[in-house]
There are 2 protein chains.
Amino acid sequence: MSRLVMKFGGTSMADLERIRRVAGLVAAEAANRRVAVVVSAMAGKTNELVAWTDGAGEAAGNLGPSDEEYDAVVASGEQVTAGLLAMILRNLGVPARSWLGWQVPIFTDSAHGRARIDDIPAANLIGALDAGEVAVIAGFQGVTRGGRLATLGRGGSDTTAVAIAAALKAESCDIYTDVDGVYTADPRIEAKARRLAKVSYEEMLEMASLGAKVLHSRSVEMAMAHGVLVRVLSSFVEPGGAPGPGTIVCDEEEILEKRIVSGVAFSRDEAKISLFGLPDHPGVSSEIFGRLADANVNVDMIVQSHARSEGAANMEFTVGRRDAARAVEIVKSAQSAIGFEEVAVDEEVAKVSVIGVGMRSHAGVAKTMFGALAEKGVNIQVISTSEIKISVLIDAAYTELAVRALHAAYGLDQP
Amino acid sequence: MSRLVMKFGGTSMADLERIRRVAGLVAAEAANRRVAVVVSAMAGKTNELVAWTDGAGEAAGNLGPSDEEYDAVVASGEQVTAGLLAMILRNLGVPARSWLGWQVPIFTDSAHGRARIDDIPAANLIGALDAGEVAVIAGFQGVTRGGRLATLGRGGSDTTAVAIAAALKAESCDIYTDVDGVYTADPRIEAKARRLAKVSYEEMLEMASLGAKVLHSRSVEMAMAHGVLVRVLSSFVEPGGAPGPGTIVCDEEEILEKRIVSGVAFSRDEAKISLFGLPDHPGVSSEIFGRLADANVNVDMIVQSHARSEGAANMEFTVGRRDAARAVEIVKSAQSAIGFEEVAVDEEVAKVSVIGVGMRSHAGVAKTMFGALAEKGVNIQVISTSEIKISVLIDAAYTELAVRALHAAYGLDQP
């Protein structure tokens, strides 16, 4: 009998009523297949727990909040929903049990708060599935080799689901969410956005990294590495109803209809840091970005330009908005070593991106993008590109305008 | 260096502000001793979790709520407070880590929802304490040999604390609560109630069983069995202040001042079940109470009387109020086997008790009790006695009146 992984996020698990609806979807699948379900905490719960850890950590600040204790606290949210869903399934006559991260076990490294799964010995899980029991697995959490709880960071339940699907060699990893698939743009911003029937791992990865909230990029990475077929589906179906076709995330080769651009994504979680008056000699960049990397601050876009004054340069780079203050602190504390004159932060920026595997073989994609933005008077602050995406940093106030302009420019509103 | 166990209940851990106060008390002790702290969930949290499991279980009712999944859900509350307290301690510069039940491990039997601790291999814990780290242990929870979470039932954190104190051979198990010791009666009802400096295990056990909410009876039983010295203290001290002397729970021999009666306790958690028209032949009682015992319904007071009709008897017994409906159902389902005519339930009853080791060697204690109640016009429905206590079941409306009358009758308001 084939194996299926179903994953339900926080909004699908927000209260008992919704968990009952989830149980109905699970029961329907469990009639024909071996089912492992991965669940998130009730919507809002993780934030509540994180707020408590912030409060607990603020007293002195000798420690960042992302330590073992943060994880012990935050991992409790999924424990609750896993137990509740298992109870409801059993009450529906569907044999089921909850599996906490340490029970599976889902082994992780010890990077608490953003741990990576490194092994899932799945024999016990497979035994339970083969005995006809639905496995309800707490997402977002694992256990270190030292026996401490570790959480995987935001979006970790998607990663858990894909990792479990890989470990179980599941036929599909169905990610149930509050949208019914992956769209050419956020439908709340562009009403003409269309659902994609299929999207490649590479495109999904870029979309996820670039702000599309449907799937977490780490989960897509893992799906791509292990060839896990992922489906994005809506959990908001009529009681007794079946979910729609959703969007399949798969290998590029399996997608027949070729597009140049598949979607437009945006992110407002960026902050731009500018360093002025840098000495123009080798080693400055490594001095700056080495220190940021050591502090686990991810730097995204980088641009360097020469200032008008002789032998001095300016550098602009973006980091996650929540890392901005820390990044500035790190840079400032090394001001003499780096040798810059001034640092500035701008949080009123957004990154808008166009993504498509078709870019590899088509010229003119960038030209269309810059033209469409120029036409609307949107100033481009920083540009970064990869094989299958072009991103620009713009004034945050222009975000929606830019998304709609690009959506139209690439004909994404056309069926 | 001596070892100390400190236990903090839900009201002491109700929010971050109070947890910080707890951290202050812990830090003060940790300066001179090896400290293990046992914590409850935030006040109200366990009830919230239990309500969810009730909601999850109500759909069909194939299962009682007290199964493995109930425990997985409910155990999450202590996980949160243990992590938060460890974080705050570390931020105060006190090395600390949280220990969940399965991490210690605290092994229990598999009576989920009311599990009993059967072993605590404490080597890891002792290692951490000897390394100078405060151990913050999640109360109320353990793990079965099969690796499932198990909770100990209400008051379970007290039991965890005493069990940990026994495993660590701790000098004292300090139970911090919202009162500053054990009183001769509930001070909310009898303003003249006095704090006892010392109380024997036996008396404390009776008080706990009889409705005094200060300590759970299972924890006292365990303390008595292992000779753990318990102190009841208030956690509500001024920031930076020290707790008062509290009440020491210890062996009878260590108490110099002898009293006949040490306290008056009451409980409103009772229900009286009456069976009328029972056949008057051997085996009836075992028929009734055997069935209740099989269903894990604890029966407390029992009285049997002959009815006026020839060869028929009536039986009255009390059960916990939350078990009343179930007890009636069990009895009714066996009506033909037992052979009674009618069953009635009265939930408007209270059990009032006087407790004191001095009763063993003093006559007239019962006479004083019955006289004092008669004088106030309180009708006694059922009586039960042990070596060191006398309990009466009365109309719940007379509870406070009876407590005050007995408190005065035994001179408990006199220093």
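Residues are numbered from 1 along each chain as its sequence is written, while chains are lettered from A and ligands numbered from 1 in the order in which they are written. Since the model is predicted, local features need pLDDT of at least 70 and side-chain atom pairs count only at pLDDT 80 or more, whereas totals for chains, interfaces and linings use all residues.

**Exercise 1. Check the span of helix α1 of chain A and list what its buried residues pack against.**

Step 1. Helices (H or I, at least four residues) and strands (E, at least two) are DSSP runs, numbered from the N terminus. The expected span of a helix is 1.5 Å times one less than its number of residues.

Step 2. Helix α1(A) covers residues 16–30, so its 15 residues should span 21 Å; the end C-alpha atoms are 20 Å apart, which agrees.

Step 3. A residue is buried if 20 or more other C-beta atoms lie within 10 Å of its own, exposed if 12 or fewer, and partly exposed in between, with C-beta atoms placed from the backbone. In α1(A) the buried residues are A:I19, A:R21, A:V22, A:A23, A:L25, A:V26 and A:A30.

Step 4. These buried residues pack against β1 (3–8), β2 (34–39), α4 (76–91) and β6 (134–138) of chain A. Contact between two residues requires C-beta atoms, placed from the backbone, within 7 Å.

Step 5. Leaving aside neighbours within four places in sequence, A:L85 is in contact with A:I19, A:V22, A:A23, A:V37, A:V39 and A:V136.

**Exercise 2. Describe the side of chain A that touches chain B, and relate the two copies.**

Step 1. Chain A brings 35 residues to the contact and chain B brings 34 residues. On the side of chain A, two or more residues each come from α1, α2 (45–57), α3 (68–74), α4 and β3 (96–99). The most, 11 residues, comes from α4(A).

Step 2. Count Ala, Val, Leu, Ile, Met, Phe, Trp, Tyr, Cys and Pro as nonpolar, Asp, Glu, Lys and Arg as charged, and the others, Gly among them, as polar. The side of chain A that touches chain B then has 18 nonpolar, 12 polar and 5 charged residues.

Step 3. Superpose the copies by least squares on the C-alpha atoms of residues with pLDDT of at least 70 in both. A rotation of 179 degrees with 0.0 Å of shift along its axis places chain A on chain B, with RMSD 0.1 Å. The two copies are therefore related as by a two-fold rotation axis. In chain A, the C-alpha nearest the axis belongs to A:S76, 2.7 Å from it.

Step 4. Of the interface residues of chain A, 97% are also interface residues in chain B, so the copies meet through the same surface.

**Exercise 3. Find the backbone geometry at A:P105 and at A:F140.**

Step 1. The peptide bond from A:V104 to A:P105 is cis, with omega near -10 degrees. A:P105 sits in the loop between β3 and β4 (107–108) of chain A.

Step 2. A:F140 has a positive phi, near 80 degrees, and is a residue other than glycine. The loop between β6 and β7 (141–144) of chain A holds A:F140.

Step 3. With 29 other C-beta atoms within 10 Å, A:F140 is buried.
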